[in-house]
Amino acid sequence: MADDGAQDHPDSARAASSSYERPGSASPPSARSAGGKGQRRAPRIPTEERLTRQALAYLERYATSLANLRLVLERKVSRAARHHGTDASVYAPMIEAVLDKCSRSGLVNDRSFAETKLASLRRKGASTRKIAAQLGAKGVARQMIDAVLDQDETSDASAARRFAQRRRLGPWRKGHQDESPETRRDRDRKDMAAMCRAGHSISAARAALQDVEGMEE
């Protein structure tokens, strides 16, 4: 024997179905309940073990400083505390314990992080000013930033030249040789402004934009 649902009139069933298919109409209850996959998982109550796992997962993907890792863990704890209605400060000792373990094990080393970041930014033609700002934003101490920069053998002039090459500015600009003097002056001014916004000094930027010999190397 067929169940009661099989006795519904076909037209009424189609009408009910079409009401969910109209643009802008509400989704059927089953569709709304099935949308759980896209929802963000609710945070669990922090424990030292969970925070350690979260720290290790972050370190597997990113090189970072101790101060920045602290911010990452504090954000996770803050979200969990809001969700569970607890005080985030309760978990502060757990965060410090995790940071201490990461530091003592060598997983986080501000000096190594600063040196690696410096080398990466120099390859992109970053200025000393920009490097110092980025390291500071990651929580590296000013004294350590100065120490790392003191050992850097890349001059600001070389960094500016590299930046101009990568960005195709000045003599590396496409069609530079075919530009009229007026067009070249106008575009060089714009290139100079771009380099200064990136933290390069006027003198280093000007030298890079006039480096025709370097372009021919």
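**Charge, rings and a contact in a predicted model**

Visitor: Where is Arg 123 found?
Guide: This model is predicted. Arg 123 is found in helix α6, residues 110–123.

Visitor: Is Arg 123 buried or exposed?
Guide: The cut-off for exposed is over 50% relative accessible area. Arg 123 has 54%, so Arg 123 counts as exposed.

Visitor: Which residues gather with Arg 123 in a patch of positive charge on the surface?
Guide: The patch holds Arg and Lys residues. Besides Arg 123, its members are Lys 124, Lys 130, Arg 162, Arg 166, Arg 167, Arg 168 and Arg 197.

Visitor: How is the aromatic pair of Tyr 58 and Tyr 62 classed?
Guide: The structure holds 1 aromatic pair. Tyr 58 and Tyr 62 form it, at 4.8 Å centre to centre and 45 degrees between the planes. Stacked needs under 30 degrees and edge-to-face over 60, so the pair is tilted.

Visitor: What is the relative accessible area of Tyr 62?
Guide: Tyr 62 is partly exposed. That class lies between 20% and 50%. The value for Tyr 62 is 38%.

Visitor: What separates the C-alpha atoms of His 84 and Ile 45?
Guide: His 84 belongs to helix α4, residues 66–84. His 84 is partly exposed, with a relative accessible area of 34%. Ile 45 is 39 residues from His 84 along the chain. Their C-alpha atoms are separated by 7.3 Å.

Methods
Residues numbered from 1 in each chain as written. Predicted model: local features only at pLDDT ≥ 70, side-chain atom pairs only at ≥ 80, totals over all residues. Heavy atoms only, no water. Patch = residues over 30% accessible without salt bridge, like charges linked within 9 Å, V, L, I, M, F, W, Y side chains within 5 Å. Areas by Shrake-Rupley, 256 points an atom, 1.4 Å probe, with all protein chains shown as cover. Salt bridge = Lys/Arg side-chain N within 4 Å of Asp/Glu carboxyl O. Lys, Arg positive; Asp, Glu negative; His and termini not counted. Charge placed at Lys NZ, Arg CZ, Asp CG, Glu CD. Helix = DSSP H or I, 4+ residues; strand = E, 2+ residues; numbered from the N terminus. Buried < 20%, exposed > 50% of the residue type's maximum accessible area, 1.4 Å probe, protein only. Phe/Tyr/Trp six-rings, centres within 6.5 Å; stacked < 30°, edge-to-face > 60°.
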